[in-house]
Amino acid sequence: MGDGNNDGGTNTILIVIVILAVVGFGVWWITTNNAKPSGADINITLPTSN
């Protein structure tokens, strides 16, 4: 009976690691998809001095 007490802590740590991995992948996916231009082009022309 005493050996079963550590399983809960191990499972909790594994669940936290899996959740962090899924959230991290989701953040990476969203940032890479939103980094693409949305079709609005902004051209800035700076004056040049001679």
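Ile19 belongs to helix H1, which spans residues 5-34; helices are DSSP runs of H or I with at least four residues, and strands are runs of E with at least two, numbered from the N terminus. The model is predicted, with local features requiring pLDDT of at least 70 and side-chain atom pairs pLDDT 80 or more, whereas totals for chains, interfaces and linings use all residues. Residues are numbered from 1 along each chain as its sequence is written, and side-chain values use heavy atoms, without hydrogens and water.

**Exercise 1.** Describe the ring pair of Trp28 and Trp29.

*Solution.* Step one: a pair of aromatic rings is described by the distance of the centres and the angle of the planes. Step two: rings of Phe, Tyr and Trp (its six-membered ring) pair if their centres lie within 6.5 Å; planes under 30 degrees apart are stacked, over 60 edge-to-face, and the rest tilted. Step three: the structure holds three aromatic pairs. Among them, Trp28 and Trp29 lie 6.3 Å centre to centre with 55 degrees between the planes, a tilted pair. Step four: Trp28 is partly exposed at 46% relative accessibility, and Trp29 is partly exposed with a relative accessible area of 46%. Step five: ring pairs link Phe25, Trp28 and Trp29 into a cluster.

Key: Buried < 20%, exposed > 50% of the residue type's maximum accessible area, 1.4 Å probe, protein only.
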